[in-house]
Amino acid sequence: MKTIDLAKQTVRDLNQALHDQAAACTETEWEVLNPKGQHNLAVGLDQKLKVDIKGHAGYYCGGMNKEADIVVHGSAGQGVAENMMSGSVRVKGNASSSAGATSIGGLLVIEGDAGSRCGISMKGSDIVVTGNVGHMSCFMGQAGTLVVCGDAGDALGDSLYEVHIYVKGEVKSLGADCIAKEMRDEHIQELSHLLKRAGVDEDPHAFKRYGSARQLYNFKVDNASAY
Amino acid sequence: MCGIVGLYLKNDKYQSRLGELFSPMMIAMTERGPDSAGFAIYGDAVDSGIKFTLRHEDENYDWEKLAKDIEEALVTKVDWFKNSKVAIFKVKTDADFVENYLHENHPDVLIMSAGTSIEILKEVGLPERIVNMFNLDKMQGTHIIGHTRMATESAVTMAGSHPFSTGMDLCLVHNGSLSNHNRMRQELKRNGIHFDTENDTEVAAGFLTYRLQQGDSLHQALEHALKELDGFYTFTIGTKDGFAVVRDPIACKPAVIAETDDYVAMASEYQALTTLPGIENAKVWEPEPSTIYAWERGSN
């Protein structure tokens with residue numbers, strides 16, 4: 001295992017060392033000490049690495065991740081795992097706003113609460129939040145799955161496309177064009193599978209499903225004159 | 001960008017350690033604001049009269065002479081002590097007398113704050129330097145609000161540094177920018193509020209001062225602020241006995257609050273809260289948009 005101590009080295013050193021593994025992988029296990037909330041930790045990885053960040057991360061931790069499995073042993077700032085392509089990011093504490101923003105693939109697990117706009121414009125990733133999510137979560141979410149084991153804030157799934165949203169607790173309010181939907185067997189299966197992948201012990205039958213009413217994003221011929 | 005931090009003690013358990021607990025919070029916000037830093041601390045309240053934080057550019061300024069001048073001119077008693085480029089003056093007379101006297105006779109002396117409890121200390125430079133310069137570690141009090149600035153709208157100067165105070169014991173720090181501050185400054189000036197800078201944050205502080213003068217509670221003043229102020233903001237506000245956090249209706253400027261039985265703490269980022277005692281078991285949340293979070297001594 002390779003250790004990078006951010007009390008002695010810079011974030012740029014860290015990211016360069018991790019990027020160097022893309023061409024020829026010589027070390028798969030990495031440990032990052034003294035992150036002290038610095039921004040852009042372990043961003044743009046492109047290799048099957050295991051990265052343990054021992055402390056709190058600032059903004060955009062694990063952004064654009066491909067393949068790597070990143071664990072933040074603390075809380076993460078805004079935009080954790082933003083634009084993730086594949087691999088996984090796990091936050092042991094809370095995550096601030098815009099967690100998993102525009103993420104295209106991979107798995108994001110937040111063991112605490114997530115702030116506002118969790119999964120904003122997500123495009124295919126799976127996000128599992130053990131606690132609550134803040135307002136405007138999954139705003140304009142296009143594809144993927146958002147699982148919330150706690151409560152969701154105001155305007156959940158506003159202007160939603162095709163993300164599957166599962167919430168166990170209360171939803172303060174639904175956003176425009178987001179509605180509660182029937183939980184069919186295929187959804188129980190999808191959710192069971194995802195909870196298992198995330199290592200979260202919850203009964204899938206306790207969740208409700210929300211999705212798009214598909215009234216906002218479908219073109220209607222009656223509106224043709226408006227264009 | 002800018003970083004804001006605040007710590008409000010709900011009881012006397014940590015009052016003797018307020019500065020010591022707050023220093024690492026300020027320093028943790030260095031990356032968000034390396035240009036200047038400042039804090040407003042509430043403590044060491046005077047029973048009668050007024051406490052001023054005064055500043056002079058000359059570190060060797062003769063504060064003793066100024067104290068004597070004020071005593072003679074205003075026939076009053078002045079207690080004072082120096083801390084770096086500022087001095088705390090405790091004067092047994094009305095604030096207006098002292099302010100007018102200083103404006104007319106000592107225009108080179110800046111009034112940073114006035115009130116019974118507040119002291120505002122701010123300078124250009126890295127937060128760590130400012131914390132050490134003023135010996136924040138040794139300070140005691142009931143609550144404290146700090147700001148680390150990354151200058152965007154106006155120059156890196158002491159005058160453009162936060163916190164801003166425009167009324168007795170009131171201070172405000174701000175992360176964000178206001179879009180209707182020019183018009184509002186004009187309106188507030190017509191209503192007798194005095195401004196020292198062209199800074200947008202000072203207008204927000206002035207607005208709250210005006211509303212409080214109209215008889216609003218802190219909560220009511222902030223309700224008006226939510227209606228009248230246009231822009232992006234996370235505000236943290238201190239009054240003699242109160243502490244409040246409010247975010248604009250979009251809430252894109254970061255904020256996190258932690259509360260225990262002993263304190264309420266806020267910061268732009270969670271990392272600034274990690275050194276607080278008992279933070280592991282604190283209730284931690286991100287304040288919601290257009291929602292006023294206020295604590296006042298005696299009410300909780």
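How many Å separate the centres of domain 1 of chain B and domain 2 of chain B, taken over C-alpha atoms? Point 2 answers this.

1. **Basis.** This is a predicted model, in which local features need pLDDT of at least 70, side-chain atom pairs count only at pLDDT 80 or more, and totals for chains, interfaces and linings use all residues. Residues are numbered from 1 along each chain as its sequence is written, while chains are lettered from A and ligands numbered from 1 in the order in which they are written.

2. **Domains of chain B.** The centres lie 25 Å apart, taken over C-alpha atoms. Domain 1 covers 3-45 + 141-296 and domain 2 covers 46-116; these bounds come from an automatic or database domain assignment. Seven residues of domain 1 of chain B are in contact with six of domain 2 of chain B (contact: C-beta atoms, placed from the backbone, within 7 Å). The domain 1 side has four nonpolar, one polar and two charged residues. Here Ala, Val, Leu, Ile, Met, Phe, Trp, Tyr, Cys and Pro count as nonpolar, Asp, Glu, Lys and Arg as charged, and the others, Gly among them, as polar.

3. **Confidence.** The model scores ipTM 0.82 and pTM 0.89. Chain B has a mean pLDDT of 93, with 99% of its residues at 70 or more (pLDDT: the predictor's confidence in each residue, from 0 to 100). Helices (H or I, at least four residues) and strands (E, at least two) are DSSP runs, numbered from the N terminus.

4. **Chain contact.** Chain A gives 16 residues and chain B gives 13. The chain B side has seven nonpolar, two polar and four charged residues.

5. **Helix H2 of chain A.** A:Leu191, A:Leu194 and A:Ala198 are buried. They sit on the same side of H2(A), because they cover an arc of only 65 degrees around the axis (the arc of the directions from the helix axis to the C-beta atoms). Their cover includes strands E6, E7, E8 and E9 of chain A. On the other side, A:Asp185, A:Glu186, A:Gln189 and A:Lys196 are exposed. Buried means 20 or more other C-beta atoms within 10 Å of the residue's own, exposed 12 or fewer, partly exposed in between, with C-beta atoms placed from the backbone. Just after the helix, A:Gly199 takes a positive phi of about 70 degrees.

6. **A:Asp46.** This residue is in the loop between strands E2 and E3 of chain A. A:Asp46 counts as partly exposed because it has 18 C-beta neighbours inside 10 Å.

Technical notes:
Contact = placed C-beta atoms within 7 Å.
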